[in-house]
Amino acid sequence: MHDTIAAIATARAPSAIGILRLTGPETVSVLDRVFRPKGRPMSARNDRVMVLGDVLDKSGRSVDSGLAVLFRGPNSYTGEDCAEIHCHGSPVVLQEVLLSLFAAGARQAKGGEFTQRAFLNGRMDLIQAESVVDLIDAETAEAARHAVAQLSGALSRGVEEIYDALMDITSRFYAVVDYPDEDIEELQRETMVATLASAEGKLKDLLATFDRGRILKQGLPAVILGKPNAGKSSLLNALLGYDRAIVTDVAGTTRDTVEEKVPLGRVLLRLCDTAGIRQSGDVVEQLGVERSRRAAQNAQLALLVIDASRPLSGEDEEAMALAESVPQVVVALNKTDLPCAVDEAALCSRFARVVSVCAKTGEGLAQLTETIEALYPLGDVPRGELLTNARQADAVGRALQSVSAAREALDLGMTPDVVLTDAEAALEALGELNGKSIREDLVATIFSRFCVGK
């Protein structure tokens with residue numbers, strides 16, 4: 001971190017405003033060479049004040065009129081001197097300014113390098129750093145709110161409490177062993193039991209949040225099932241708000257799976273429209289039906305579409321049987337704008353959740369959304385305190401396993417040093433979770449997921 005890095009922080013597409021960022025020890029001098037204010041240079045300006053001036057190319061010619069702001073370390077995003085240049089959002093202008101920054105002494109930033117420096121400089125822990133990319137990638141308002149709460153330290157504080165409690169009992173034990181002549185209060189068994197039991201309970205509760213966190217971040221795998229021409233593709237289009245799938249009066253139009261992400265309230269569905277379930281002599285349609293069955297095997301939610309304007313048929317029965325193999329089922333009784341020919345009471349006796357909808361007019365879609373939201377509540381976990389990725393869940397799982405082993409060893413009457421071996425293993429796992437003790441190559445892998453400029 002002895003060099004100065006720069007990057008375009010906004011999308012490389014024409015826009016009203018484009019932003020370039022730089023950070024490192026030479027930030028101020030590089031900025032003075034690239035940005036010429038009206039009056040004093042940026043090095044003589046106060047922090048956090050937007051200044052109007054000319055943005056220069058590598059030859060010193062004005063390429064744009066823009067704004068610049070300086071954030072001197074350590075009170076900056078990275079903990080180092082940082083700066084931003086706000087230009088008009090022409091990709092050509094942004095590239096010219098970036099080349100000018102390089103000519104002035106900066107180098108191209110790698111993906112996630114700004115946030116990586118923030119982590120390495122102690123401005124945030126690893127959980128908070130990962131929440132930055134979660135915030136950028138958020139596809140629902142609830143996911144964004146959760147990510148920003150995690151960025152503020154909601155999850156980190158809970159992990160730190162567990163870490164500190166385990167560190168207290170291990171450090172006191174070693175103090176007694178290493179300094180026997182000092183008047184240090186020895187660890188009482190009751191204290192160790194209480195500490196380990198509390199840590200075990202908190203880690204279990206934390207690990208239990210992973211499924212909800214994963215759904216919040218990645219979306220829920222869901223599948224639309226039904227016989228041909230029941231209105232599956234029409235329902236997909238209605239939920240999306242635009243025509244994604246081809247809709248015709250010809251049965252069997254959909255012959256392959258069509259997958260889209262559909263935000264329904266707080267829940268993000270990875271929704272797969274499928275070929276109609278029926279027996280067919282058409283080879284291509286048979287392949288489509290087989291893909292529908294595989295999609296159902298991988299789904300957590302089935303939206304079973306029933307044509308309410310026609311009596312239930314053998315094809316409906318086949319689709320219902322397939323839907324029942326999925327963990328959760330919501331029946332969408334479609335085409336309610338036509339006279340009803342289905343025994344709705346019989347459907348309700350077989351399926352717990354039946355919603356009347358009309359994909360053509362949009363009637364009932366709000367109730368369908370509410371029904372799905374109720375199936376996947378976020379529960380009473382405070383916002384920001386859900387585990388959202390497999391790395392976090394793995395670290396918490398290993399910490400829980402070690403704490404449980406330590407508590408069991410204590411129950412069996414083993415000596416404190418045996419107990420504390422497992423407690424130290426738990427500390428190591430928690431250190432990987434928040435970044436207090438983590439390998440350099442793993443840090444590089446985590447931040448490689450970030451976009452350039454963040």
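The following legends describe close-up views of a predicted model.

Because the model is predicted, local features need pLDDT of at least 70 and side-chain atom pairs count only at pLDDT 80 or more, whereas totals for chains, interfaces and linings use all residues. Residues are numbered from 1 along each chain as its sequence is written, and side-chain values use heavy atoms, with hydrogens and water left out.

**Figure 1. Overview of the chain.** The secondary structure comprises 16 helices and 13 strands; helices (H or I, at least four residues) and strands (E, at least two) are DSSP runs numbered from the N terminus. Of the 454 residues, 47% are buried, where buried means under 20% relative accessible area, exposed over 50%, and partly exposed in between (1.4 Å probe, protein chains only). The accessible surface of the chain is about 21100 Å², and 51% of this belongs to carbon and sulfur atoms; areas come from the Shrake-Rupley method with a 1.4 Å probe, and for residues only the protein chains shown count as cover.

**Figure 2. The largest nonpolar core.** This core has 32 residues, and those with the most contacts inside it are Leu166, Leu196, Leu203 and Leu430. A nonpolar core is a set of buried Ala, Val, Leu, Ile, Met, Phe, Trp, Tyr and Cys residues joined through side-chain atoms within 4.5 Å. Two or more residues come from each of helix H6 (154-178), helix H7 (189-207), H14 and helix H15 (416-434), with H14 giving the largest share, nine residues. Leaving aside neighbours within four places in sequence, Leu430 is in contact (heavy atoms within 4.5 Å) with Val159, Ile162, Tyr163, Leu166, Leu203 and Ala399. A second, separate core of 26 residues includes Ala222, Val355, Leu365 and Ile372.

**Figure 3. Ser402 in helix H14.** Ser402 lies in helix H14 (residues 390-411) and counts as buried because its relative accessibility is 13%. Not counting residues up to four places away in sequence, Ser402 touches Asp422, Ala425 and Ala426.

**Figure 4. The buried side of helix H11.** In helix H11 (residues 314-323), the buried residues are Asp316, Ala319, Met320, Leu322 and Ala323. They cover an arc of only 160° around the axis and therefore lie on the same side of H11; the arc is that of the directions from the helix axis to the C-beta atoms.

**Figure 5. Surroundings of Asp54.** Asp54, in strand E4 (residues 51-56), is buried, with a relative accessible area of 17%. Asp54 forms a salt bridge with Lys38, the closest N and O atoms being 3.7 Å apart; a salt bridge is a side-chain nitrogen of Lys or Arg within 4 Å of a carboxyl oxygen of Asp or Glu. Lys38 belongs to the loop between strand E3 (35-37) and E4, 16 residues from Asp54.

Figure 6. The side chains of Arg72 and Asp47 meet in a salt bridge (2.5 Å, N to O). Arg72 lies in the loop between E5 and strand E6 (82-89) and Asp47 in the loop between E3 and E4, so this pair ties together parts 25 residues apart in sequence. In a further salt bridge, Lys261 pairs with Glu139, the closest N and O atoms being 2.9 Å apart. Lys261 is in strand E9 (residues 258-264) and Glu139 in the loop between helix H4 (126-137) and helix H5 (141-151), so parts 122 residues apart in sequence are tied together.
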